[in-house]
Amino acid sequence: MPRTSIAALAAALLVAGWQPAQAQDKQITLCWAAWDPANALVELSKDFTAQSGIRMKFEFVPWSNFADRFLNELNSKGKLCDLMIGDSQWLGGSAENKHYVKLNEFFDKNNIKITDFLPATVYAYSTWPKGSPNYWALPAMGDALGWIYRKDWFARPEIRAAFKAKYNRDLDVPKTWTELKQVAEFFQGREIDGKKVYGAAIYTERGSEGITMGVTAALYSWGFQYDDPKKPYFMNGFVNSKDAVEALEFYKSMVKCCTPPGHTNAYMVENLDAYKSGQVAMQMNWFAFMPGIAKDPQVGGERSGFFVNPKQKIAASTLGGQGISVVSYSDKKDLALEYIKWFAQPDVQKKWWALGGYSCHRSVLESPDFTKSAPFAADFLVAMSGVKDFWQEPSYAELLQAMQKRVHDYVVADRGTAKEALDLLIRDWTRTFKDVGKL
Amino acid sequence: MSRFPRSGAPIPVPITAAPAHRGLSDRAIAWLFITPTILLLLAINIFPLLWTIQLSFTNYRANRPNAPLRWVGLENYTYILEDFEVWERLQTTAHFVAWSIGLEVVLGFGLALLINRRFRGDSFWTTVILLPMMLSPAVVGVFWKYLFEPQSGVFNYLVNLVVPIGSFSMLGEVNLAPWAIVLVDTWMWTPYVMLICLAGLRSIPDSIYEAAEIDRAGPWRRFWSITVPMVMPFLLLAVLFRAIENFKMFDLVVNLTSGGPGSTTELASITLKREAFEKWKTGYSSAFAIILFVTVFGAATVYVKLLNRVKNR
């Protein structure tokens, strides 16, 4: 074989061997929950790969194991994820334990203005300590707890007449929790199209965070405060206030009166199933699922309507959503930061919303045609203006588990009174805060 | 290579020509074979156990690696043992273990007696009966969840065919959920007990029964005086295995109820997992794990002594 051919062959082999290695280097992994918006993000990220040549790999874990799986990954300093779209409550722990890269310097260098994002989302998804100018994530997916209802059932003359006869008012979107319960009671056990239907599918899940997210939707509307604003972490008289007790009792009465049989361990998926199968008139669920409902062949289009969490004493909604962070243990932080830089662009954010993701960028949310861009867009803006989150403390997981237990014991297992449940919750939370030296 | 020729005649080796060292001694070879296993055992069993014991005396939390580690002595242990909720979880576990094993023993032994009669297609039915124990507990948990669905589940439908009691939720009602997990575990593991009992039954020589028949012993007498005592060691072994397994039961119950409603079906292993990997109280959960380990180990030791006494009878 001539010497030139050998050289050419060697060069070809070298290139062949080198290319996959290079491709491997130019690949980053994004970790998130497995749900509708994640599919939209996969679609959106194709543009990033096309522009940058960086391939994207995704690790999506179902919500029931999401926190377990990825908090374990972060705590063990794993290198699986380069980018993490972690829950808002993880922020405190991830910042204090240095799981996330602090993004201030990067934002400054790349002219990313955090003020371009909705202030409520920056506060909730990016800052630690809360409200301080220390940014650990870019707001990625705005979300709040809302309600979805069967607009077609609400519009039927015979149903409207029956409702008016019973409650002496028109059947309409509930404005308060009292109205919500009336509507749910009205539909409970009613026969529609030859099928028995039920009032509402609400969260009752025990294992992860379900019942806490549901109960807080009621608590916040009753004006719930986690602690004394003047004396942080002092909870007596706040967590177990008269209003908090009333809200918890009300939530339990909703579970008992107006949910489908056996709806005792239900979170997002179970509520979606109950709604899509035509079992319930209303469901509580995250705004993130609303684009999917609007497009659903069974219940989509004009058959479904959306409304913001009803108020009782005040207007408030449970916060969902996440920010996107760079994992500090990643070997490809530079590529991950490149993704964040790309994601922060207004055009990308616009497409993100169009694909079904909830952008937090003001250029999207404040554009004149935003409220008309989707049937739930206006409600989303209203909800995001009054969101409240669970503790974002580093010990949030322990605080959450305590609430899951106390609330489920009372609401589902009929154990004790609402006051006793909240008193026990204060005992658990106090113990946690004492353990970590905050009390 | 063999030092013997094919013919079988040994090659004479002069004593003076023999090397000073002919190879490894039997003892050395034994150590050579055992050492990797011992090292592996030390690495994946003994070391973690010792480490867990050490952590159980500290305030360590895996999610706060930078926090100062504090020696807390017996604080974690006293905290656990004084917590009435921990005792409630142990009570729940005891209820589950006792009832599921009781039912599995009765049904498993009964099935073994039936299968042992050798009828047409008995091997086919044996395979069918064994199917549940071949499934993964997580899969069993998920599909029984569907069977228990109050509106569309087959279980409620069948119960209503027999006793028309209307709508009820096996997994959602405080009074029924503990029995739901017992029922599912019994469904899954009765075949296992049956299999061990069947081995016991088939190990009884026919001659014993023939001798008893000659002595005019009736079927009832033969059952109590021959079958039960001869199968007892096997049965006790099955109880030991199932008790240890059910004490640690996690996946099946988590998939069925997540420990709910409230904490009605929260077994000790579920509490342990929540403390260790959801609340990240590593020191506390290490102490809890040690308490559970000592409980199982102690009970198993006493039980094995009892088993040996029965065997030697």
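Helix α9 of chain B, residues 219-247, has 29 residues, yet its end C-alpha atoms are only 37 Å apart, short of the 42 Å that a straight helix would reach at 1.5 Å a residue. The model is predicted. In chain A, five strands form an open sheet with mixed pairing, and 23 residues of chain A are in contact with 26 residues of chain B.

**Helix α9 of chain B**

- An α-helix has 3.6 residues a turn, so residues three or four places apart point the same way.

**The open sheet of chain A**

- The order of the five strands is β2-β1-β3-β12-β4.
- At the edges stand β2 (55-61) and β4 (138-141) of chain A, each with a single partner strand, so one side of each has no neighbour in the sheet.
- On average, and with direction ignored, neighbouring strands of this sheet are turned by 30° against each other.
- Within the sheet, β1 (residues 27-33) and β3 (residues 83-87) of chain A pair in the parallel sense over two bridges.
- C31(A) has M84(A) in β3(A) as its bridge partner.
- Helix α3 of chain A, residues 63-75, packs on the sheet and touches β1, β2 and β3 of chain A; its direction makes about 110° with that of β2(A).
- Helix α14 of chain A, residues 333-343, also packs on the sheet, touching β1, β3, β4 and β12 (322-326) of chain A; its direction makes about 145° with that of β12(A).

**Strand β9 of chain A and its partners**

- Strand β9 of chain A, residues 280-286, is mostly covered, with seven of its seven residues buried.
- β9(A) pairs with β5 of chain A, residues 145-150, in the antiparallel sense over five bridges.
- In this region L145(A) stands opposite W286(A) of β9(A).
- β9(A) is also joined by three bridges to β8 of chain A, residues 198-201, and these two strands run parallel.
- Opposite Q283(A) in β9(A) stands A201(A).

**Contact between the chains**

- The contact involves 26 residues of chain B and 23 residues of chain A.
- By class, the side of chain B that touches chain A has eight nonpolar, 13 polar and five charged residues.

**Cis peptide bonds**

- In chain A, the peptide bond from W128(A) to P129(A) is cis, with omega near -5°.
- P129(A) is found in the loop between α6 (119-125) and β4 of chain A.
- In chain B, the peptide bond from G260(B) to P261(B) is cis, with omega near -5°.
- P261(B) belongs to the loop between α10 (251-257) and α11 (268-277) of chain B.

- K98(A) is not a glycine but has a positive phi of about 60°.
- The place of K98(A) is the loop between α4 (91-96) and α5 (104-109) of chain A.
- K98(A) has 15 other C-beta atoms within 10 Å, so it is partly exposed.
- W280(B), not a glycine either, has a positive phi of about 60°.
- W280(B) lies in the loop between α11 and α12 of chain B.
- W280(B) counts as buried because 23 other C-beta atoms lie within 10 Å, where 20 or more are required.

Note on methods: Residues are numbered from 1 along each chain as its sequence is written. Chains are lettered from A and ligands numbered from 1 in the order in which they are written. This is a predicted model: local features need pLDDT of at least 70, side-chain atom pairs count only at pLDDT 80 or more; totals for chains, interfaces and linings use all residues. Helices (H or I, at least four residues) and strands (E, at least two) are DSSP runs, numbered from the N terminus. The expected span of a helix is 1.5 Å times one less than its number of residues. A residue is buried if 20 or more other C-beta atoms lie within 10 Å of its own, exposed if 12 or fewer, and partly exposed in between; C-beta atoms are placed from the backbone. Two strands pair if DSSP finds at least two bridges between them. Axes are lines fitted to C-alpha atoms, for helices over the stretch in contact, and angles run from 0 to 180 degrees between N-to-C directions. Two residues are in contact if their C-beta atoms, placed from the backbone, lie within 7 Å. Ala, Val, Leu, Ile, Met, Phe, Trp, Tyr, Cys and Pro count as nonpolar, Asp, Glu, Lys and Arg as charged, and the others, Gly among them, as polar.
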